[in-house]
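Hello,

Here is the structure you asked about. Please open it next to this message; my notes follow below.

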Amino acid sequence: MNNSVPPTDSEVILGILNNQESVLKRLYLAYFPMVLQLIINNSGTQDDAKDIYQEAIIVLYNKVKGGEFELSSKLKTFIYSVCRRLWLKRLSQMNRYGGDIRDFEQHLPVEEDVDLHSDRDIQFEKMEGALQLLGEPCKTIIEDFYINNRSMQEICEKFGYTNADNAKTQKYKCLQRLKKLFFQQK
Amino acid sequence: MSNYQLTEAIERYLKGEMSSEERAHFEQLRKDNADIDSKIAEHLHFTGLLNQYRERLELEDKLNAIHHEIDVHALVEEMTVHPSWIVQMWRNHHSKISVAASVAIFAVLTTMFSTGYFSNRNQPHYKELRDQIEGVKQAAKRLDSKTNDLAREIGSRKRMLSPSNYKGTGFAVSSSGYIVTNYHVIGNKYDSLYVQNAAGESFHAIKVYADPTYDVAILKIDDESFNGLPALPYNFKRMKSDLGEDVFTLGYSEGDAPVMDKGYVSSTDGFKGDSVRMRVSIPVNPGNSGGPLVNSKGSIIGIVSGMQTQTEGASYAIKTGYFYKAIQNVPQDSLSGKLSLGNKNTLAGLSRVQQIKKMQNYVFMVKVY
């Protein structure tokens with residue numbers, strides 16, 4: 001499929017629900033220039049544009065996966081609005097927001113989506129932090145079992161446990177520690 | 001059942017690894033024990049979070065891979081709105097420009113301050129009392145032609161009737177026709193000089209000596225119709241004058257008749273400590289320059305020379321001593337008659353009215369053309 005043609009909005013939603021990477025790619029390529037324009041002309045850099053855009057795509061992705069997305073407006077407008085909102089937030093965090101933003105597109109109020117996203121973001125960072133603190137071999141065991149969906153048998157072989165029970169005990173202890181670390185974090 | 005075994009069981013239950021018998025047993029357990037039910041929920045929630053984490057990482061990897069294919073730099077070039085060069089310059093250098101402007105303003109202010117721009121404006125300065133009549137020249141020219149006709153009719157007497165460019169006052173220092181006035185009254189740019197007495201008679205005069213430093217000029221009447229003056233009624237006081245001494249002056253500040261003003265010596269020094277002059281509290285006007293300053297005994301103690309612009313009644317007079325010096329400096333060969341200052345004072349006992357009556361014939365209007 002041609003990458004340069006923007007996918008239709010329903011194509012994108014179906015594509016995300018069915019995990020079609022080609023659709024994701026076309027979506028990404030289609031709207032990145034719009035967001036780049038917004039960020040660069042409002043005192044941001046290319047890297048800021050990349051971060052903001054990817055966050056917006058994640059917002060869209062989660063919303064579609066969560067089954068909450070109703071196609072009440074154009075996807076393009078939704079993405080632009082989320083990026084705009086995220087960028088305003090970041091500008092005010094950096095104390096660089098002068099109360100004025102140059103707009104290039106129409107936009108919608110998307111506060112709820114952005115707030116939901118920042119909650120998820122916090123969870124994500126907490127998980128990341130907890131995994132960092134967990135240390136080896138626990139981190140790899142947990143990642144392999146829960147994240148990469150490896151079987152206990154594979155894990156046993158990888159770490160050289162003599163029997164699956166030892167590995168299970170180890171995995172249990174690791175999970176308990178991870179929970180503890182995760183909930184301890186603020 | 002230990003926590004470990006429970007977790008194990010929950011995982012197997014959720015993954016559907018239990019046999020149907022085991023499963024039924026576990027579900028019964030779950031129903032009976034709310035604690036186990038909440039443990040299952042908690043486990044689900046936490047593994048859900050782990051799942052989200054995994055999904056997010058995967059998605060980010062994918063997005064980064066896609067992003068890698070974009071030529072961002074080219075897009076940036078295309079996207080950037082290029083403002084005009086002056087706006088761009090301001091954006092890039094506004095801090096430097098601001099600093100430069102502040103420095104410039106500061107420098108200007110410092111210069112203005114150090115050169116006394118702020119102080120001079122509001123401070124009084126010395127104003128010479130030469131009466132400038134340049135402004136009425138046009139009207140005067142019209143008058144001029146008429147009076148010239150008149151003068152031709154009268155014919156017999158040589159009389160200067162046209163108005164002068166400047167006028168001041170002067171007074172006789174000897175009976176032979178020497179007249180002293182201020183240097184600034186005549187200046188050095190003039191065509192001719194005339195003096196006019198209280199009776200309205202005009203005589204041609206020449207400059208004999210001028211001393212810009214002390215602001216003194218000596219004229220000599222050089223006119224055939226001039227027959228000399230009677231002996232001077234006043235003398236010159238060389239001693240320092242006293243503070244508070246009553247003085248008066250005669251001067252042609254208005255019209256053709258001499259005007260008398262009186263006052264007192266208010267300081268033995270002049271403007272800003274000028275020792276050549278003394279300060280006199282006397283109302284004088286332009287035209288008074290060069291007039292005699294006379295004390296109550298009829299002795300001349302100075303020459304009125306100027307006033308301070310902002311203090312009412314603060315005038316200045318050149319001390320007699322300095323104009324003595326000027327007279328001594330007059331080269332002898334430029335004198336056509338004897339120049340000797342009178343020593344006799346015949347005014348001493350008289351009333352002021354009598355003093356003025358005798359004096360006014362010796363006080364002249366100096367007209368400069």
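At what angle do the axes of helix H6 and helix H8 of chain A cross, and within what distance do they come? Bear in mind that this is a predicted model. The axes of H6(A), residues 138-147, and H8(A), residues 164-184, cross at roughly 100°. They come within 9 Å. An angle of 65 to 115 degrees counts as roughly perpendicular, so H6(A) is roughly perpendicular to H8(A). From H6(A), the contact uses Cys138(A), Ile141(A), Ile142(A) and Phe145(A). H8(A) brings Gln170(A), Lys171(A), Cys174(A), Leu175(A), Arg177(A) and Leu178(A). By class, the residues of this contact are 7 nonpolar, 1 polar and 2 charged.

Next, another helix pair in chain A. Helix H2 covers residues 21-40 and helix H4 covers residues 75-93. Their axes come within 10 Å and cross at roughly 30°. Angles under 35 degrees count as roughly parallel, so H2(A) and H4(A) are roughly parallel to each other. The crossing of H2(A) and H4(A) is right-handed. On the H2(A) side you will find Tyr31(A), Met34(A), Val35(A), Leu38(A) and Ile39(A). They meet Lys76(A), Ile79(A), Tyr80(A), Cys83(A), Arg84(A) and Trp87(A) of H4(A). This contact has 9 nonpolar residues, 2 charged and no polar ones.

Two loop residues in chain A deserve a look. Most residues other than glycine have a negative phi. Asn19(A) is not a glycine, yet has a positive phi of about 55°. Asn19(A) sits in the loop between helix H1 (9-17) and H2 of chain A. Asn19(A) counts as exposed because it has 10 C-beta neighbours inside 10 Å. Ser43(A) also has a positive phi of about 55° without being a glycine. The loop between H2 and helix H3 (46-65) of chain A holds Ser43(A). With 16 other C-beta atoms within 10 Å, Ser43(A) is partly exposed.

Now to where the chains meet. Chain B puts 24 residues into the contact and chain A puts in 27. On the chain B side, helix H1 (3-15), helix H3 (34-68) and helix H4 (72-79) each supply at least two residues. The largest share of that side, 14 residues, comes from H3(B). The chain B side divides into 14 nonpolar, 5 polar and 5 charged residues.

Chain B itself has 10 helices and 15 strands. Of its 369 residues, 30% are buried. Take the contacts in chain B with a separation of 6 or more: 67% of them join residues 24 or more positions apart. Tyr209(B) lies in strand S6 (residues 202-211) of chain B. Tyr209(B) counts as buried, with 20 C-beta neighbours inside 10 Å.

Last, the cores. Which residues have the most contacts inside the largest nonpolar core? They are Ile179(B), Val195(B), Ile218(B) and Leu293(B), in a core of 58 residues. Leaving out residues up to four places away in sequence, Ile179(B) touches several others, among them Phe171(B), Val195(B), Leu219(B) and Phe364(B). A second, separate core has 33 residues, including Tyr53(A), Ile58(A), Cys83(A) and Leu86(A). Cys83(A) also takes part in the contact between H2(A) and H4(A).

Best wishes

Notes: Residues are numbered from 1 along each chain as its sequence is written. Chains are lettered from A and ligands numbered from 1 in the order in which they are written. This is a predicted model: local features need pLDDT of at least 70, side-chain atom pairs count only at pLDDT 80 or more; totals for chains, interfaces and linings use all residues. Axes are lines fitted to C-alpha atoms, for helices over the stretch in contact, and angles run from 0 to 180 degrees between N-to-C directions. Helices (H or I, at least four residues) and strands (E, at least two) are DSSP runs, numbered from the N terminus. Angles under 35 degrees count as roughly parallel, over 145 as roughly antiparallel, 65 to 115 as roughly perpendicular and the rest as oblique. A crossing is left-handed if the near helix is turned anticlockwise from the far one by less than a right angle, and right-handed if clockwise. Two residues are in contact if their C-beta atoms, placed from the backbone, lie within 7 Å. Ala, Val, Leu, Ile, Met, Phe, Trp, Tyr, Cys and Pro count as nonpolar, Asp, Glu, Lys and Arg as charged, and the others, Gly among them, as polar. A nonpolar core is a set of buried Ala, Val, Leu, Ile, Met, Phe, Trp, Tyr and Cys residues joined through C-beta atoms within 7 Å. A residue is buried if 20 or more other C-beta atoms lie within 10 Å of its own, exposed if 12 or fewer, and partly exposed in between; C-beta atoms are placed from the backbone.
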